[in-house]
Amino acid sequence: MADSSSSSSSAPSLEAVLCDLDGVVRHWDDTMERVDRAFGLTPGTTAGVAFAPERLVPAITGRISDEEWRDQVAEGLVRHCGSAERARKLVAEWSEPRGRIDQDVLAFLASVRAHLPVVLVTNQTTRLESDLAALGLAEAFDAVVNSARIGFAKPDPRIYTCAARR
């Protein structure tokens, strides 16, 4: 049992804030479901194919590029779409949007950056940098740790060690 008289009453000081991208700064509407419906597929079909671990893990750990991942998704959708051409069109439509930015979160992070570094730590593909540029977020963080660029993804502790170093 610890001696309470020796414990400090002050809270530990923060040295940086780590922030995720999807579900925090960027949100996705129903793009996948909408594209599934437009192509006559059951909603969830594209997500099931795209986010299957055997496809997604190599993409978010940089073993394959974003383009290779999307090609694999199209290949996986051929049986659902009826042809490779339709599957490629579906993937192109799904790939076009870049998501929607939560302006309140972005403003909050900007206010935090006045006092502490803000580091983006995210499981993404090699498309992250172009997404950040297209969304106007290229300069929104003090550092970016993209799982596809360092070779390991959350929840692997090494991604957090990398973020702490940056």
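Arg-34 counts as partly exposed at 44% relative accessibility, and Asp-30 is partly exposed as well, with a relative accessible area of 38%; here buried means under 20% relative accessible area, exposed over 50%, and partly exposed in between, with a 1.4 Å probe and protein chains only. This is a predicted model, in which local features need pLDDT of at least 70 and side-chain atom pairs count only at pLDDT 80 or more, while totals for chains, interfaces and linings use all residues. Residues are numbered from 1 along each chain as its sequence is written, and side-chain values use heavy atoms, with hydrogens and water left out.

A search of the whole structure finds 13 salt bridges, a salt bridge being a side-chain nitrogen of Lys or Arg within 4 Å of a carboxyl oxygen of Asp or Glu. Among them are these pairs:

| Salt bridge | N to O distance |
|---|---|
| Arg-34 and Asp-30 | 3.8 Å |
| Arg-70 and Asp-66 | 2.6 Å |
| Arg-98 and Asp-131 | 2.3 Å |

Arg-70 and Asp-66 are both buried, and, being four residues apart in helix H4, they are separated by about one helical turn.

Key. Helices (H or I, at least four residues) and strands (E, at least two) are DSSP runs, numbered from the N terminus.
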